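Please look over the sequence and the model first, then read the points by topic.

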Amino acid sequence: MKKKVLSVLLCAAMAAGMLAGCGGDDKASTDDANKPAASDADGSAAGKKFALVTKSAGNPYNEKEAEGFQQAIESIGGECIIKHPESATADAQVSVIQSLISQGVDSICIAANDENALQAALEDAMAAGIKVSCLDSKTNAASRMTFANQAGTTEIGQALMDAVYDIAGGEGDWAILSATSQATNQNAWIDAMKDIMENDSKYANLNLVEVAYGDDEPVKSTDQTQALLSKYPNLKVICAPTTVGIAAAAKVLQDQSSAVKLTGLGLPSEMAEYIGDDDAHSCPYMFLWNPIDVGRLGAYISAALVDGTITGAAGETFEAGDMPNSPYTIVDAGDGGTEVILGAPFKFDPTNIEEWKTVY
Amino acid sequence: MAGKSGRTIDATPKDVWKKNILSWEGMLVILFLLINIFCRCISPNYTMANVLREMPKYLSEIFLLFPMAYILMLGEIDISVGSTVCLSATIACIASNAGIPFPIVIVLTILTGAICGMVNGFILVKFPELPSMIVTLGTQIVFRGIAEIILGSGGSVSVTNTAGFRAIAGKIGPFPYIFFLVLISGAVFIVISIKTIFGRSLYAIGSNSRTSFYSGIKVKKVKFIVFTLMGIFAAIAALFLTSSLYGANTTTGNGFEMDAIAMAVFGGIATTGGKGRLIGGLISAFIIICLRIGLGQINMNPQVILIILGALLICAVLLPNVSAGLKLKKKS
């Protein structure tokens, strides 16, 4: 008897829940119907909802990207929604994407936690007419329209090569301290540097003695730096295009007051105490991308997708507000999809490191 | 009615309307209604179509609730289910990528889950002095470790042949298949727990394992069956999870065990064993899902949502104790 009553109650509750739901359905669909008409009338971003999904809450790098995204969206008059998933997993991002579809946003820009796992959810979103793009870390080609890539391979290779040239004084021995020998991004950057060195006589007097692998472990990176120092007494510069490697090498060089100088890609917060022009500091300057600009680029891509300026196909161009490299061109990403490259990496030197070390 | 366990142990028969509405489950139903009205008020997008579309991802966790409730009724706990989900999902993806027909993929996945469950069950039955919390903590690490080895250095695998997974993610009208499957399996588990000898023995063992043993209940057999069931349902959850993620990685299923335990406890099933009814767990699962969807739609910070759910859980555990205390006062 009790169970029967309970089940009746349960059914009633379900029915009520459904009814409550149905009430709103018509309204939602008419809203949808009105939307395209409104957007045709004026191409502006006013009244449009632009969502950014980060990797997780409390990720300072992502939060800077979100800041840039928000600035740019507000500058063009759109409504900005920043969503942090409850954990740094694709699973949590799926819930967030589904929720955004329900809200009827106009675009979703996402820093993916997994290349492939978001495909079902993002396909749902695109089927619902939402413009999907990625920034920071991409999804597979089928789940996005385009991607705001912070790190163009050739741009990074060129910046690092110029830094080595500059710090070494145009000639001498230098070495690379990388992460693991299989890391795709590391190898792409190293290959780009080698290419530039071989094809431009400007760098002819530079001699790359070794590519060492510290496996992105602080201890191993330290050992590898020591080994480089003892093996090559004439070494002038070490270039470490990895945040773990550069921090480990910076400490070794600075502790030993070595004459060898360092550059590469590093986190300002970790590298602040090593950056300086004098002999007491081991790293004159280094690079990384500017997360605020990554966010802004993501925002302008979303806006251009929503107002129909671009569809995400290679070769299309769009204006990105007051960003330095605007207008940007969409290029082939080599994975079957397309991307937009932010530009040269951002330089951290003694003049700006104090400001950035608290950022990320 | 004596011997049948509810949230509150009460000698008087409770088969009257008033009592039912005032029971824990009645309260949950009312809470469910209130939550739905609340969500409808705060979010204009809280419509049936949207809720049903967002639901499948959450629904897969409910599969874990049913056997978890049985385990809690036994006075045991299983914190390895998240890892079982991870391992089963990994096997499902790899088997599917190897070109194996989808029905066999399903069988393999469920077999993987069943083996994980049997390992737990076997250890607990062979060494009854070991606490299940510690044993399943061990297997939690082991199962995820195996999954990580299979996944290799990338830590992630994607389904290349998604046809089968797309098929099970299908819908009848606005209702996804998983919705019906959850309700059907929920009904079966509820009926087993209240109408069968097996169900009674769950409560008996949870109340007093030794007495149950002396009264002829095959305690070890029941335990083994329940833990195996847990593994099987973890695999079913993994299949549906894969149908929305098209892949598995080392974080798949993280924290699912705690979500399932939370749903059960919220529903009035005591972790000390022998108490509670599964229907409460099922209703509370829907309460939690609806609340998450509703609050998610107004873009509330997910950490705040977690805090709200945590606070609700503590209230849920606290309330029966407080009301029991009040009743005692009234009587005396």
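Why does B:L229 count as buried? B:L229 counts as buried because it has 20 C-beta neighbours inside 10 Å; a residue is buried if 20 or more other C-beta atoms lie within 10 Å of its own, exposed if 12 or fewer, and partly exposed in between, with C-beta atoms placed from the backbone.

The model is predicted: local features need pLDDT of at least 70, side-chain atom pairs count only at pLDDT 80 or more, and totals for chains, interfaces and linings use all residues. Residues are numbered from 1 along each chain as its sequence is written, while chains are lettered from A and ligands numbered from 1 in the order in which they are written.

**Around B:L229**
- B:L229 lies in helix α11 (residues 219–245) of chain B; helices (H or I, at least four residues) and strands (E, at least two) are DSSP runs, numbered from the N terminus.
- Leaving aside residues up to four places away in sequence, B:L229 touches B:P67, B:Y70 and B:G117; contact is counted if C-beta atoms, placed from the backbone, lie within 7 Å.
- B:G121 is 108 residues from B:L229 along the chain, and their C-alpha atoms are separated by 9.8 Å.

**Chain A overall**
- Chain A has eleven helices and 15 strands.
- Of the 360 residues in chain A, 48% are buried.
- Among the contacts in chain A with a separation of 6 or more, 68% join residues 24 or more positions apart.

**Domains of chain A**
- Domain 1 of chain A covers 2–151 + 290–347 and domain 2 covers 153–288; the bounds come from an automatic or database domain assignment.
- Seven residues of domain 1 of chain A contact six residues of domain 2 of chain A.
- On that side of domain 1, five residues are nonpolar, one is polar and one is charged; Ala, Val, Leu, Ile, Met, Phe, Trp, Tyr, Cys and Pro count as nonpolar, Asp, Glu, Lys and Arg as charged, and the others, Gly among them, as polar.

**Strand β5 of chain A**
- In strand β5 (residues 146–149) of chain A, A:T146 and A:A148 point one way, A:F147 and A:N149 point the other way, and all are buried.
- Strand β4 (residues 131–135) of chain A pairs with β5(A) in the parallel sense over three bridges; pairing requires that DSSP finds at least two bridges between two strands.
- A:F147 in β5(A) is the bridge partner of A:C134.
- β5(A) also pairs in the parallel sense with strand β14 (residues 338–341) of chain A, over two bridges.

Key:
Contact = placed C-beta atoms within 7 Å.
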